[in-house]
Every structure is written in C-alpha cells, then in structure tokens.
Amino acid sequence: MSQTLAKLTGGPLDSEIIPLEDGQDGELVLPYGEGQLIYRPVAEATNTGDHDGPTTTDYEYVESTEDISPTNRNGNGDDDSIG
C-alpha cells in the first residue's frame, strides 16, 4: 500500500505536508503548543493510482483549541518575533 499525504492550507501549519496513517480520512486534529489544530479535507484524494505517486488530500485549517499568537508561531511558548 502506498503512503497517503495531507497537504495543509491555512493556519500555523500552512503549506506543510504530513503523512496520514493508513485508513485515516476526515478531520485531522493535530497537537500544537498547549492545544490542538483542526483541519478538514476540502477535496477528493488525488494520485490514487498505483503508479502516479503518493495519494494526496488537501486539508484546510478550521480552528484551534487555544489562541495562537502571531509572535508564537512555532507553538512552543517562546516569543518568536523578529526585531
């Protein structure tokens, strides 16, 4: 079985590509700092054939369970602002 990937759009993980567990579909709930990020699929999977690369599904940011500060984008509690 080939690897399935999630392409994330929006939120603090914008443009990230992460592997999905076998059989995982629907909403993604990902740990982030003290809370969680929620992404939902927005399209059908692509590259589903045997010889066209990894299967990929686009996911869009929906919400977080904690406030996300623009100066704390890495989710570790540090002030990551520049300047």
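1. Asn 47 is partly exposed, since its relative accessible area is 33% (buried means under 20%, exposed over 50%, and partly exposed in between, with a 1.4 Å probe and protein chains only). Although Asn 47 is not a glycine, its phi is positive, at about 55°, and the residue sits in the loop between S4 and strand S5 (55–64).

2. This is a predicted model, in which local features need pLDDT of at least 70 and side-chain atom pairs count only at pLDDT 80 or more, while totals for chains, interfaces and linings use all residues. Residues are numbered from 1 along each chain as its sequence is written, and side-chain values use heavy atoms, with hydrogens and water left out.

3. The protein chain holds 0 helices and 5 strands (DSSP runs numbered from the N terminus, with H or I of at least four residues for helices and E of at least two for strands).

4. Ser 15, found in the loop between S1 and strand S2 (17–20), also has a positive phi, of about 75°, without being a glycine; with 59% relative accessibility, Ser 15 counts as exposed.

5. The largest nonpolar core has 9 residues, among them Leu 8, Leu 30 and Tyr 59 (such a core is a set of buried Ala, Val, Leu, Ile, Met, Phe, Trp, Tyr and Cys residues joined through side-chain atoms within 4.5 Å). At least two residues of this core come from each of strand S1 (4–9), strand S3 (28–32) and strand S4 (35–41), and S3 gives the most, with 3 residues.
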